[in-house]
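Look at the fold below before reading on. The paragraphs that follow go from the whole chain to single side chains.

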Amino acid sequence: VMPTDNASINGKVVDNAGKPVAARIEYRQFSGNNLLPPGNVSTGIDGAFTIGDVEEGDFLLSITAKGYASQQMVPAHSGDSGIVITLESFQAVTGRVFDAKTGQAIEEFEIASAYPNSSAGSQIPGNAAFRTVRDPGGAFSLELEQGNYLIAVRARGYSLARVNAETGPGLQPEPIEFGLQPGGAIVEGQVVDASGTGGQGALIF
């Protein structure tokens, strides 16, 4: 491939309100059917970026920014100018976890969020990733993309609790109050197929 003098790719990263976003951009050029090793640039505070001194060809861009959902596999070509890439901001879903009988905060618990599976009803998907939260007031905060979610909370000695939540432009989710009922237990194990191989995505009822 013959290099093109001063070839560049120029654009801007904004949020869904059109405001500039400071972001990091990874770019990779196609070489036949393969992708060359990546390069990286960062935008200015005005969200503008320039990928300079690139060879003629097609590229894929991946954009990440703190507080925003990443954009992957954005196509571009050497010499492109005026590209506008819009990132969806995360939305904070907050709440509190407490003992439903005593009202006392549960200081350590696990929480997970997942897109509801219509075939599973109100069951949390088996591949949902629970993370441990430790807070003296039982408080939590989840940074979620736009969408509908099933949020589940569990704690040792309590029954699991679930609630649906929706995030998106113009929506301000109310803090979620998880009152856990004493008496539940966490059962841990592994789901395998007939050959003994572990599997993902199993539903646990």
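**Strands, charges and rings**

E108 has a relative accessibility of 46% and counts as partly exposed. The cut-offs are these: buried is under 20% relative accessible area, exposed is over 50%, and partly exposed lies in between, with a 1.4 Å probe and protein chains only. The model is predicted, so local features need pLDDT of at least 70 and side-chain atom pairs need pLDDT 80 or more, while totals for chains, interfaces and linings use all residues. Residues are numbered from 1 along each chain as its sequence is written, and side-chain values use heavy atoms, with hydrogens and water left out.

E108 has a partner. R134 forms a salt bridge with E108, and the closest N and O atoms are 3.5 Å apart. The term covers a side-chain nitrogen of Lys or Arg within 4 Å of a carboxyl oxygen of Asp or Glu. R134 sits in strand β11 (residues 131-134) and E108 in strand β10 (residues 108-114), so the bridge ties together parts that are 26 residues apart in sequence. R134 counts as exposed, at 62% relative accessibility.

Now step back to the whole chain. The protein chain has zero helices and 15 strands. Both are DSSP runs numbered from the N terminus: helices are H or I with at least four residues, strands are E with at least two. The chain has 205 residues, and 34% of them count as buried. Its accessible surface comes to about 12200 Å², and carbon and sulfur atoms hold 47% of that. These areas come from the Shrake-Rupley method with a 1.4 Å probe, and for residues only the protein chains shown count as cover. Take the contacts in the chain with a separation of 6 or more: residues 24 or more positions apart account for 61% of them. Contact here means heavy atoms within 4.5 Å.

How many salt bridges does the structure hold? It holds three. Strand β10 supplies E110 to another of them. The side chains of E110 and R154 meet at 2.5 Å, N to O. E110 lies in strand β10 and R154 in strand β13 (residues 147-154), so this pair ties together parts that are 44 residues apart in sequence. R154 is partly exposed, with a relative accessible area of 25%. R154 also lies over the face of F130, at 3.9 Å from the ring centre. A charge sits over a ring if NZ of Lys or CZ of Arg is within 6 Å of the ring centre and within 35 degrees of the ring normal.

E177 and R96 form a salt bridge too, with the closest N and O atoms 2.8 Å apart. E177 is in strand β15 (residues 176-180) and R96 in strand β9 (residues 91-99), so the pair ties together parts that are 81 residues apart in sequence. E177 is partly exposed at 45%. R96 is partly exposed at 30%.

Next, the rings. The structure holds three aromatic pairs. Rings of Phe, Tyr and Trp (its six-membered ring) pair if their centres lie within 6.5 Å; planes under 30 degrees apart count as stacked, over 60 as edge-to-face and the rest as tilted. Y27 and F59 have ring centres 6.5 Å apart and planes at 55 degrees, so their pair is tilted. Y27 is in strand β2 (residues 24-31) and F59 in strand β6 (residues 58-64), and the pair links these distant parts, 32 residues apart. Y27 counts as buried at 18% relative accessibility, and F59 is buried at 3%.

The rings of F140 and F178 have centres 6.0 Å apart and planes at 50 degrees, so this pair is tilted. F140 lies in strand β12 (residues 139-144) and F178 in strand β15, so the pair ties together parts that are 38 residues apart in sequence. Both residues are buried. Ring pairs link F109, F140 and F178 into a cluster.

Return to strand β2, where Q29 lies. Q29 counts as buried, at 11% relative accessibility. What does the side chain of Q29 reach at 3.1 Å? It reaches the backbone oxygen of E56. The backbone oxygen of E55 lies 3.4 Å from a polar atom of the Q29 side chain. Leaving aside neighbours within four places in sequence, the contacts of Q29 include N34, G57 and F59.

Last, P182 is in the segment after β15. P182 counts as partly exposed, at 34% relative accessibility. Not counting residues up to four places away in sequence, P182 touches D99, K101, G157 and Y158. The C-alpha atoms of P182 and G157 are separated by 6.0 Å, and the two residues are 25 residues apart along the chain.

Note on methods. Polar contact = N/O pair within 3.5 Å; in protein donor to acceptor, adjacent residues only side chain to side chain.
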